[in-house]
Amino acid sequence: MCGRFALGIPRKAIGQRFGLDHLPNAPARYNIAPGQLVEAVLAAPQKRMGLFRWGLVPSWAKDASMGAKLINARAETAAVKPAFRAAMRRRRCLVPAQGFYEWSGEKSGKRQPWFITALSGVPLALAALWEHFESPEGEIIDSLAILTCEANAQIAPLHHRMPVLVRQEDDARWLNSRLENLDAVEDILAPREWPEMNIYRVGTLVNAPTREGPELILPLPEQDSQGELG
C-alpha cells in the first residue's frame, strides 16, 4: 500500500522532473498522511500542479466521509471499480514524492519504519487518480487516490503492495486524458524492478502522523538497525 510519504526536495528539482516552469511555493514535508492536502501534476488543459485531498471522494458520493476509505486504488481493479473507473479513464495524475514509507515487523507488533527513495535523489512520480466532488450543501472537494500494484522483489519483504512508480518517459502517456483505452497505459501499471531504489531504516518518530521534519527520513545509525531488510 501507500499510506505515508515525504516531499522535502527543492522546488526547482520538482519542476525539472515534471517539466513545470512555475511551481507554487510550498513547505518541505516529511510525513504526508491520508486526509491531508497533497500536490499532484495534471496535464489538461495544460500541465500544472494542483492541490488535492488525499482520499478520493467519488462525484456520486453522498458525503465526503467516503474518502477516508479510498486513499489507495488497486491497479489491477481500478478500471472496473465504481469509485475509480471514471477517473481511471479521464482523470489520471502524478503525485511527486521524495520517497515513501513502509513498515516491517507487523506480526511481532514492533513496527519498524523504512524509507524508500531514489538513489539519484530525483523525485519519484506516484500514479494517482483524482475526482471532483460537490455536496448538496455546496462543499467542493478535489481529491485523489494513489494507485498500488503488487510489490516487487525489493519491497516484498516489507509489504505485498507498493505504489505504482511512473518513469519520466511515461509521464505524458499516463497524463493523457484522451487515452481512455486503458490498454495504452497497462504496462505502466505492471510491477517492475527498480534497481535505483534506496531502502533504509528510519526512526520511529514517523509513526506519529503529527510529527514533521527532515530528521524523519534520516537513516538509523548502523548500531540501531536490526539486521537487513526482511
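Contact here means heavy atoms within 4.5 Å. By this criterion, and leaving aside residues up to four places away in sequence, Thr148 of the predicted model touches Met1, Cys2, Asn72, Ala73, Arg74, Ala75, Glu76, Arg161, Met162, Pro163 and Val164. Thr148 is found in strand S10. With a relative accessible area of 3%, Thr148 falls under the 20% limit and is therefore classed as buried.

Strand S10 covers residues 140–150 and pairs with S9 in the antiparallel sense, over seven bridges. Within this pairing, Trp130 stands opposite Leu144 in S10. S9 and S10 form a hairpin with five residues between the strands, and in this hairpin Gly138 takes a positive phi near 100 degrees. S9 is also joined to strand S6 (residues 92–97), by six bridges, and these two strands run antiparallel as well. Here the bridge partner of Arg92 is Leu129 in S9. Nine of the 11 residues of S9 are buried, so the strand is largely enclosed by the rest of the structure.

Nonpolar residues were examined next. In soluble globular proteins, nonpolar side chains tend to be buried together. The largest nonpolar core of the model has 60 residues, and Leu129, Leu144, Leu147 and Trp174 touch the most other members. Strand S9 (residues 124–134) gives the most to this core, with seven residues. Apart from this core lies another, of 10 residues, among them Tyr30, Phe115, Val206 and Ile217.

A second hairpin is formed by S3 and S4, with five residues between them. Six bridges join S3 to strand S4 (residues 48–54), and the two strands run antiparallel. Glu39 stands opposite Leu51 in S4. Strand S3 (residues 37–42) is largely enclosed by the rest of the structure, because five of its six residues are buried.

An open sheet is formed by five strands in the order S2-S1-S7-S8-S12, with antiparallel pairing. Strand S2 (29–32) and strand S12 (197–201) stand at the edges; each has a single partner strand, so one side of each is left without a neighbour in the sheet. On average, and with direction ignored, neighbouring strands of this sheet are turned by 25 degrees against each other. Strands of a sheet pair through backbone hydrogen bonds, either parallel or antiparallel. Strand S1 (residues 5–7) is joined to S2 by two bridges, and these strands run antiparallel. Phe5 stands opposite Ile32 in S2.

Aromatic side chains were considered as pairs. A pair of aromatic rings is described by the distance of the centres and the angle of the planes. The count comes to five aromatic pairs. In one of them, the rings of Phe52 and Trp130 have their centres 5.6 Å apart and their planes at 55 degrees, so the pair is tilted. Phe52 lies in strand S4 and Trp130 in strand S9, so the pair ties together parts that are 78 residues apart in sequence. Phe52 and Trp130 are both buried. For Phe115 and Tyr200, the ring centres are 6.0 Å apart and the planes stand at 65 degrees, so this pair is edge-to-face. This pair also links distant parts of the chain, with Phe115 in strand S8 (residues 112–118) and Tyr200 in strand S12, 85 residues apart. Phe115 and Tyr200 are both buried. Together with Tyr101 and Trp103, these two residues form one aromatic cluster.

Charged side chains over aromatic rings were also found. Arg167 lies over the face of Trp194, at 4.0 Å from the ring centre. Arg17 lies over the face of Phe18, at 4.6 Å from the ring centre. Arg17 belongs to helix H1 (residues 11–18). The relative accessible area of Arg17 is 7%, which is under the 20% limit, so this residue is buried. Not counting residues up to four places away in sequence, Arg17 touches Val122, Pro123, Ala125, Val166, Arg167, Gln168 and Asp171. The C-alpha atoms of Arg17 and Leu124 are separated by 8.7 Å, although these residues are 107 residues apart along the chain.

Note on methods. Residues are numbered from 1 along each chain as its sequence is written. This is a predicted model: local features need pLDDT of at least 70, side-chain atom pairs count only at pLDDT 80 or more; totals for chains, interfaces and linings use all residues. Side-chain values use heavy atoms; hydrogens and water are left out. Two strands pair if DSSP finds at least two bridges between them. Helices (H or I, at least four residues) and strands (E, at least two) are DSSP runs, numbered from the N terminus. Axes are lines fitted to C-alpha atoms, for helices over the stretch in contact, and angles run from 0 to 180 degrees between N-to-C directions. A nonpolar core is a set of buried Ala, Val, Leu, Ile, Met, Phe, Trp, Tyr and Cys residues joined through side-chain atoms within 4.5 Å. Buried means under 20% relative accessible area, exposed over 50%, partly exposed in between (1.4 Å probe, protein chains only). Rings of Phe, Tyr and Trp (its six-membered ring) pair if their centres lie within 6.5 Å; planes under 30 degrees apart count as stacked, over 60 as edge-to-face and the rest as tilted. A charge sits over a ring if NZ of Lys or CZ of Arg is within 6 Å of the ring centre and within 35 degrees of the ring normal.
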